[in-house]
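Have the structure open and follow along.

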Amino acid sequence: MRPMLLEKWDTFINELRTFFRGRGYLEVSTPVLLKFPNLDSNVEPIPVEVKRRGRKETLWLQTSPEYSMKKILAEYKRHIFQIAKVFRNDEHGRLHRLEFHMLEWYRIGADYRYLIEEIKELLRELFGYEEFEEISVSEAFEKHLGIELGEDEKDLKASLKDKGIHFQEEEGWETLFYRAFIEVERRLGFDKPTFLKDFPERLSALARVEGGLANRFELFIKGIEIANGWTEETDPEEVRRRMKTEAEKRNLPIDEEFIAAHHKIPPCAGCSIGVNRLFMLWVGKETLNDIELFNHEPL
């Protein structure tokens, strides 16, 4: 069984590489240790104390290769992809690990709709899927919870209370959203892979915003989030504004070099896929705990 699983992993990773190389992407490799942390909402980076020339300093394990890959985009302006090791603090359970593999790629001149179609092609090749669902966040809230999603915090609290979803009175709109979102996402992607798109502006991350909606999507299969992608915001001042908000909220430093790179980043779209989860589904498992390859974390 063990050799067979290793062979399947080898085949799977090669399938991913073949897919992207066949579409004109170059594979890149970037540092795992960063001078500045990724400022991903709801993701906690892991600091690492090191010595350099006898002096102590704090570096950060990447939570995604996004910052480093966008610096490459700024300089070389090519379609790129990477299968990287990433690290996220306080991640545990049947679908989470402190350390896991992430597939990330960027397509020059594309938008998030292009990426959705590209992922459909990947899923056809890997799984044989032929049918897919696309639904907006607001449509999903209405369909699966009967909640009309709006910007008013009081209305959202009233909706959650009506649906029996627990929350604290002092919680803000974003926290309330994710309390309801947990109930939505576990219902997605059972009949067919589901692309959840058009997120509210305040959940845009670094996606371009048009008409009050983020050009962003997430992919769900059997209630499991697999992918997260968007049309990239390339205005450095807008990127600075969003990163500053997140940095101040969490008391974390900002990578000014990353912001400056946006002066040279061409219009593009980017996406990440949790490789461990996708492999789990590919071999017919329901939890990462069933895959020995992913269960050698330090105690």
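Predicted model: local features only at pLDDT ≥ 70, side-chain atom pairs only at ≥ 80, totals over all residues.

**Helix 5**

Let's begin with helix 5, which spans residues 153-162. Which residues of helix 5 are buried? They are Leu156, Lys157, Ser159 and Leu160. Looking down the axis of helix 5, you'd find these buried residues within an arc of 160 degrees, so they line one face of the helix. Part of what covers them is helix 6 (173-185). Turn to the face pointing away from that buried side, and you get the exposed residues Lys154, Asp155, Lys161 and Asp162. Once helix 5 is over, Gly164 comes just after, with a positive phi of about 75 degrees.

Now for the pair. Two packed helices are described by the angle between their axes and the distance between the axes.

| Item | Value |
|---|---|
| Helix 3 | residues 112-127 |
| Helix 9 | residues 275-282 |
| Approach of the axes of helix 3 and helix 9 | within 11 Å |
| Crossing angle of helix 3 and helix 9 | roughly 40 degrees |

With the axes crossing at roughly 40 degrees, helix 3 and helix 9 are therefore oblique to each other. The crossing of helix 3 past helix 9 is right-handed. And which residues meet there? From helix 3 come Leu123, Leu126 and Phe127, and they meet Leu278, Leu281 and Trp282 of helix 9.

Terms used. Residues numbered from 1 in each chain as written. Heavy atoms only, no water. Buried < 20%, exposed > 50% of the residue type's maximum accessible area, 1.4 Å probe, protein only. Helix = DSSP H or I, 4+ residues; strand = E, 2+ residues; numbered from the N terminus. Arc of directions from axis to C-beta. Contact = heavy atoms within 4.5 Å. Axes fitted to C-alpha atoms, helices over the stretch in contact; angles between N-to-C directions. Parallel < 35°, antiparallel > 145°, perpendicular 65-115°, else oblique. Left-handed = near helix turned anticlockwise from the far one by under 90°.
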